[in-house]
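Subject: Structure for you to look at

Hello,

Here is the structure I said I would pass on. Please open it alongside this message, and then read the notes below.

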Amino acid sequence: MNNRVDPNFKNELYKLGNKESWNDCFHCGNCTAVCSLTEENIVFPRKAIRYMQMGLKDKLAQSAEPWLCYYCGDCTETCPRDANPGEIMMALRRWQTVKYEWTGLAGLFYKSFTSLIVALILVAIAILTIGFMKDFNHEAIMHFGHSLEFWLIICVFSIILVPNIIRMFYFTVIKAKVKAPIGSYIAAFLSLFGHMFTQIKTFKCDKQTTRWLIHFLVVMGYLGLLVITVFLDWFGTENQSIINLGYITGGLVFVFTFILMISRLSKNRELNKYSHSTDWFFIIWLFLMGLTAFLVRLFIDIDLLTNNFWLYMIHLMVITQWGLLLVPFGKWTHFLYRSFAVSFINLKKASLS
Amino acid sequence: MEFEPTIVSFLCNWCSYTGADLAGTSRMKYAHNVRVIRVMCSGRVEPTFVFKAFREGADGVLICGCHPGDCHYHEGNYKCLRRYHLIKKYLDQMGIEQDRLRLAWISASEGKQFAELADEMTETIKSLGPCKVKNVMETLT
Amino acid sequence: MEEVRIGVYVCWCGSNIAKMVDVEEVSREVEKLPGVVIAKDYKYMCSDPGQDLIIQDIKKHNLNRVVVSACSPRIHELTFRKALENAGLNQYMFEMANIREHVSWVHTDRAEATKKAKTLVAGAINRVKWHESLDKRHVDIDPATLIIGGGISGISAALEIANAGKQVYLVEKADKIGGYVAKLDLTFPHMYSGKDMIQPKIDKVMNHEKIEVFLNSMIDEVFGYVGNFEATVKAKDEKEIKFGNVIVATGLKPFDPSGIDNYQYGKLPDIITSLELEEMFINGQVTKKDGTIPKNIALIHCVGSRNTNYHEYCSRTCCMSALKYANQLRSALPESNIFNIYADIRAFGKGCEEFYTNTSKKNVMFLMYDQQNDLPKIKKAGTGDNCDMIIEMNEKLSGEAIEVPADMVVLMVGMKAHENAKEIAHAVGISMCGNEFYIERHPKLDPVATTTDGVYIVGTCQSPKDIPDSVTQANAAAARVLATINVAHMEVEVTTAVVNEDVCCGCQTCINVCPYTAISYDEEKNVSVVNEILCKGCGTCGSACPTGAIRSRHFTDEQILSQIEGLMSMQLQI
């Protein structure tokens with residue numbers, strides 16, 4: 001195991017949103033003391049901050065702890081040194097997102113705003129080119145769009161996301177020498193989906209009910225929209241209840257992401273104060289996806305789409321950019337890492353007890 | 001009731017008394033049996049003082065001075081050391097156990113050592129029991 | 001003999017005594033003892049109302065002896081003696097029983113503590129019965145001052161005194177004055193140049209008409225007493241000097257790290273001490289032994305300090321010096337990696353915490369180790385390591401065993417007392433504590449004076465300290481010395497020995513034991529004679545005298561024997 005300190009590690013974190021205050025923390029431990037989620041043997045944020053200061057990358061790769069933090073901001077408010085532990089944890093999650101992603105594209109997009117913009121433009125051009133090749137035939141394009149969504153989901157999952165989760169498992173369980181009994185693996189697997197869809201642990205933090213509700217509605221809206229558009233063919237269906245359900249889910253997504261954007265702009269809470277470019281891309285594209293999907297179906301219903309097919313082209317661009325770039329290489333992955341982290345940490349606890 | 005000895009101790013002003021004060025300011029705890037008399041130098045401790053203490057009923061006598069070479073008066077502690085060996089012999093002849101008298105070096109910074117010494121000495125005297133000379137004196141008077 | 005009328009005062013010292021000793025019972029019980037006219041207990045005897053209580057009682061009850069049962073006489077004996085003087089009583093008609101440091105603070109059983117307190121008070125009452133009035137002796141103060149050591153402390157004190165127009169003899173062992181400050185490139189936290197700071201002062205001292213500087217010189221024995229010392233300066237030509245006060249400023253010796261195996265000092269080329277790094281800065285270039293620039297530089301704090309195997313005390317300046325080096329290295333070698341391997345950062349003092357905060361923003365990595373049980377270990381790096389040395393350590397804040405790359409390791413060596421400290425202590429008659437720093441008269445209330453009148457200690461010979469603290473202490477000592485010179489005479493203790501010529505048989509035993517050659521033999525009378533000026537009152541002669549002809553004033557046989565009786569009689573009563 002490489003336990004060599006690395007003074008340059010902090011520079012890597014600057015690019016991921018941590019400010020130059022890397023050395024402000026003097027390890028009083030107040031952050032850990034006020035944290036509602038830290039437990040015996042599962043200690044954060046202080047310890048992760050120490051690893052960051054020392055540049056112990058291997059140790060950080062092996063720590064799933066940053067994903068247990070829901071960024072209530074208590075630590076940052078309590079910190080006597082204004083070292084901003086909450087934001088350091090956020091930056092560490094970005095670093096881990098980059099670390100677990102095997103192609104290196106996440107690293108490129110997280111550290112270089114320009115490269116992501118270029119990639120987004122390239123995808124947009126590709127969609128336009130495909131539209132051009134299909135002579136902008138509405139039916140053909142919409143058919144293509146529908147199957148593109150389907151194949152994107154299959155490919156992104158199998159090529160990027162599943163290998164990434166396996167890498168996360170490799171680092172945080174195997175390399176971290178977590179030796180848990182078989183039974184605990186089953187328990188950890190069973191608890192996985194509960195956390196994935198409910199984020200139930202958020203309730204351990206104080207003052208988080210509204211935030212949880214908004215997040216929950218966005219998640220539910222997003223997953224609903226995904227199912228309804230991809231598997232129930234929202235844009236093609238005649239079934240009124242599916243159509244209505246689509247409106248509801250699409251509406252949920254763009255209304256609540258809009259609220260989230262406003263709060264990020266207003267910087268009214270600790271977690272909103274600093275936004276990395278990837279945070280913005282994630283939330284704006286989620287918003288655009290919900291909004292364009294909603295409008296496309298609305299235009300179909302009031303028979304405007306035929307004359308305004310540009311709208312569908314935009315929608316298609318947005319979801320392709322989303323599925324091809326932002327889901328596999330962006331912040332979307334937190335959905336998986338957070339849920340799996342809870343399970344992996346349960347394994348760690350089982351191995352320690 | 002357990003035997004509680006009384007130990008009269010002579011402490012030199014510069015090192016040992018200061019050391020005992022340090023034990024106090026450091027709030028170290030030690031046996032209450034040691035009662036202190038301050039002298040300017042351990043060289044001032046006359047054999048008479050020791051015998052007087054035993055005569056008055058002390059169960060032990062402790063003399064403390066500066067470490068060799070550190071005496072405020074250059075060599076008073078050496079004088080005391082020589083005298084100490086003589087007094088010990090004499091105690092033996094009087095039927096007082098030699099262990100009832102002890103000379104130790106305590107510097108001004110050795111509060112801890114003084115506290116430990118007081119405890120140690122108390123234990124030694126407890127194991128020896130009350131000094132018999134006391135009874136002899138009582139029958140004589 | 002006049003009727004003995006004793007007043008006994010038992011102090012509560014707030015709750016310091018009263019918590020563990022039943023002061024009211026002590027006062028009640030001792031009031032019954034013969035000779036005691038009145039016994040009282042009071043919250044704070046040393047306070048003004050407390051002292052007034054004694055003064056009023058002396059007048060009202062016609063007391064001629066006073067016993068105060070309170071803290072250590074080392075703390076308040078003089079306070080109460082003064083109160084007696086104010087009441088028109090001779091100050092030696094007083095005795096203290098120490099029931100705080102020797103009772104309430106060290107015992108846990110209230111009943112036993114109270115009993116012990118009573119015996120101590122009874123002892124003091126018995127003793128004070130035998131006290132006699134003694135007159136203070138006045139001595140003239142020679143206005144010259146001897147200063148031993150020409151570092152920043154000695155220089156500061158010398159200039160203060162000389163600028164007031166008084167003669168100073170400055171004795172320095174080395175061939176130039178200036179000490180360690182003259183060897184410093186920059187000083188924390190303001191980064192002033194040490195050399196530039198002290199040079200004008202050195203020039204002033206060397207050219208001052210009131211300062212006589214002896215270089216390459218030592219002092220052997222100092223004879224005499226406050227106001228009237230004399231000594232021989234040992235140099236090429238010996239010189240006799242006379243002076244009224246002595247300021248000891250012998251300074252420090254850096255800790256030698258070669259005894260610490262883990263640090264490999266002297267075994268690997270680029271492990272240097274902080275002083276060697278200082279020299280590199282003075283010479284303008286920080287390089288490895290092979291002349292190349294180090295990429296990774298580690299500064300190890302607390303070398304030889306705060307570890308019971310070496311020195312338990314904190315050397316107080318190394319943390320800040322290490323931060324200073326971090327700053328200097330950051331500007332000199334902007335591309336280098338700097339590691340401060342520390343135990344705790346002690347950034348007290350004006351501007352120091354701010355200095356620490358600023359340094360921590362300069363791309364310096366701080367790694368914490370356990371300075372008592374787990375020192376870092378330096379070893380030669382392997383071929384693939386990309387650095388010369390590897391420091392293995394258990395980092396305390398993370399709990400991880402880590403490796404730190406290093407091409408140069410700087411050991412922040414602590415301060416020791418000067419190698420001549422012991423010699424000087426004997427020469428001037430002051431004491432050293434276990435770690436060879438000189439003991440001050442009172443650690444808090446009188447940190448400049450020593451228990452020997454007229455001898456003051458300043459700078460790092462008293463304890464490790466930085467430049468401002470040394471200068472402060474030096475100036476304080478200078479002020480004290482100037483005050484005594486200004487008054488021109490001083491009261492000194494008269495607890496000297498005195499010979500009863502009627503009893504003395506002229507055996508001259510006392511002459512052999514006196515360490516100060518203060519006793520001479522009068523052949524005509526066939527008796528010993530004590531020179532009260534040379535006598536320091538140790539009492540050794542008194543205990544050696546076979547006929548009991550020598551009395552140690554204020555520590556007479558009667559006083560001590562009676563005290564023993566008192567200690568024991570109370571014991572039997574209970």
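B:Val8 stands opposite B:Arg35, a residue of strand β2(B). The model is a predicted one, so please read everything here as computed from a prediction.

Strand β1 of chain B, residues 7-12, is joined to β2(B) by six bridges, and the two strands run parallel. They belong to an open sheet of four strands in chain B, ordered β2-β1-β3-β4, with parallel pairing. Which strands are at the edges? They are β2 (34-39) and β4 (101-105) of chain B, each of which pairs on one side only. From one strand to the next, the twist averages 20°.

Chain B also has a helix contact to look at. Helix α1 (residues 16-25) and helix α4 (residues 111-128), both of chain B, pack at an angle of about 90°, and their axes are 7 Å apart. That angle makes α1(B) roughly perpendicular to α4(B). On the α1(B) side the contact is made by B:Gly19, B:Ala20, B:Leu22 and B:Ala23, while α4(B) contributes B:Gly111, B:Phe114 and B:Ala115. Sorted by class, the residues of this contact are five nonpolar, two polar and no charged.

Next is the contact between chains. In chain C, 42 residues are in contact with 44 residues of chain B. Four helices of chain C each supply at least two residues of the side that touches chain B: α4 (100-104), α5 (110-129), α14 (540-544) and α15 (557-573). The largest share of that side comes from α15(C), with 10 residues. By class, the side of chain C that touches chain B has 17 nonpolar, 16 polar and nine charged residues.

Now chain C itself. Chain C has 15 helices and 30 strands, and its C-alpha trace spans about 90 × 60 × 40 Å along its principal axes. Of the 574 residues in chain C, 51% are buried. Among contacts in chain C between residues at least 6 apart in sequence, 70% join residues at least 24 apart.

How many residues of strand β18 (residues 337-342) of chain C are buried? Six of the six are, so β18(C) is largely enclosed by the rest of the structure. In a regular strand, side chains alternate between the two faces of the sheet. In β18(C), C:Asn337, C:Phe339 and C:Ile341 point one way, C:Ile338, C:Asn340 and C:Tyr342 point the other way, and all are buried. Five bridges join β18(C) to strand β17 (residues 296-303) of chain C, and these two strands run parallel. There, C:Ile300 has C:Ile341 of β18(C) as its bridge partner.

Last, chain A. Its domain assignment gives domain 1 (9-100) and domain 2 (112-352). The C-alpha centres of these two domains of chain A lie 26 Å apart. In chain A, 24 residues of domain 1 are in contact with 30 residues of domain 2. On the domain 1 side, α5 (74-78) and α6 (85-100) of chain A each supply at least two residues, and α6(A) gives the most, with six residues. By class, that side of domain 1 of chain A has 11 nonpolar, nine polar and four charged residues.

Regards

Notes. Residues are numbered from 1 along each chain as its sequence is written. Chains are lettered from A and ligands numbered from 1 in the order in which they are written. This is a predicted model: local features need pLDDT of at least 70, side-chain atom pairs count only at pLDDT 80 or more; totals for chains, interfaces and linings use all residues. Axes are lines fitted to C-alpha atoms, for helices over the stretch in contact, and angles run from 0 to 180 degrees between N-to-C directions. Angles under 35 degrees count as roughly parallel, over 145 as roughly antiparallel, 65 to 115 as roughly perpendicular and the rest as oblique. Two residues are in contact if their C-beta atoms, placed from the backbone, lie within 7 Å. Ala, Val, Leu, Ile, Met, Phe, Trp, Tyr, Cys and Pro count as nonpolar, Asp, Glu, Lys and Arg as charged, and the others, Gly among them, as polar. Domain bounds come from an automatic or database domain assignment. Two strands pair if DSSP finds at least two bridges between them. A residue is buried if 20 or more other C-beta atoms lie within 10 Å of its own, exposed if 12 or fewer, and partly exposed in between; C-beta atoms are placed from the backbone.
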